[in-house]
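Colleague: I am new to this structure and would like to learn how to read it. Could you take me through some features, with the general idea before each case?

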Amino acid sequence: KTIITNADLKIVFRNIEDIKRVHEKLLQRLKLSIDNGGGTIGECFVKTEEQFYQYGPYCANLDTASAKIDELMADSKISNLINRCSTESKQRFGIKDLLKVPAQRILKYHLLLDNLCKDSPNHTGLREGSKVMKALAQYINEYKRNYEQWLATRAIEERMQNKDLEVDTGGGDHPPEDKGCCIIL
């Protein structure tokens with residue numbers, strides 16, 4: 001018997017599997033760079049740039065995921081299941097905290113690359129990698145802002161519809177997720 005629906009899992013975990021694949025590829029590139037002397041670490045981030053943009057939807061969804069977890073935890077069966085899984089995994093952090101970790105890390109990569117620049121004689125690639133990661137951080141913050149505006153607009157539309165007004169929203173349940181996402185209000 002299904003305790004948590006696929007729809008709820010999609011809200012909570014969004015595209016975390018995509019994020020995992022991005023980091024598996026980044027790790028593979030970093031290991032290869034280190035095996036060859038580490039001179040191309042910054043280039044690993046540059047080569048992964050396009051895939052990093054999958055963080056926009058993930059990071060924008062964190063508040064929605066957190067609210068969904070709170071809603072799910074109100075059900076004792078689900079709460080017991082989540083607590084049991086947490087205990088069995090020996091995680092000291094809760095699921096909401098764990099979901100934030102990828103977002104926190106991606107936003108700090110440029111700082112790590114900047115620190116490596118200080119100690120590296122050949123830091124052109126590191127600077128390029130840092131530049132890419134700074135641009136990504138700006139993109140993620142902008143995506144999150146746009147997503148929050150979209151959610152606020154949807155909430156207004158729903159309130160208007162509930163007042164028996166005829167409103168053609170023309171929209172779906174989610175904003176576009178491509179790299180060039182721009183929501184104009």
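Modeller: Gladly, and let us begin with helix packing. Axes are lines fitted to C-alpha atoms, for helices over the stretch in contact, and angles run from 0 to 180 degrees between N-to-C directions. Helices (H or I, at least four residues) are DSSP runs, numbered from the N terminus. This is a predicted model, where local features need pLDDT of at least 70 and side-chain atom pairs pLDDT 80 or more, while totals for chains, interfaces and linings use all residues. Residues are numbered from 1 along each chain as its sequence is written, and side-chain values use heavy atoms, leaving out hydrogens and water.

Colleague: At what angle do helix α1 and α6 pack?

Modeller: Helix α1 (residues 6–13) meets α6 at about 135°, and their axes are 7 Å apart. Angles under 35 degrees count as roughly parallel, over 145 as roughly antiparallel, 65 to 115 as roughly perpendicular and the rest as oblique. The two helices α1 and α6 are therefore oblique to each other. Contact means heavy atoms within 4.5 Å; Asp8, Ile11 and Val12 provide it from α1, and Thr64, Ala65, Lys68, Ile69 and Leu72 from α6.

Colleague: Which side chain is joined to that of Asp70 by a polar contact?

Modeller: A polar contact is a pair of N or O atoms within 3.5 Å; within protein, one must be able to donate a hydrogen and the other to accept it, and residues adjacent in sequence count only if both atoms are side-chain atoms. Here the partner is Lys96, at 2.7 Å. Asp70 sits in helix α6 (residues 62–73), and its C-alpha atom is 9.2 Å from that of Lys96, 26 residues away along the chain.

Colleague: How many aromatic pairs are there?

Modeller: Rings of Phe, Tyr and Trp (its six-membered ring) pair if their centres lie within 6.5 Å; planes under 30 degrees apart count as stacked, over 60 as edge-to-face and the rest as tilted. The whole structure has 5 such pairs. In one of them, the ring centres of Phe45 and Tyr109 are 5.5 Å apart with planes at 70°, so this pair is edge-to-face. Phe45 belongs to helix α3 (residues 41–47) and Tyr109 to helix α9 (residues 109–119), 64 residues apart.

Colleague: Are Phe45 and Tyr109 buried or exposed?

Modeller: Buried means under 20% relative accessible area, exposed over 50%, partly exposed in between (1.4 Å probe, protein chains only). Phe45 and Tyr109 are both buried. Asp70, by contrast, is partly exposed, because its relative accessible area is 43%.
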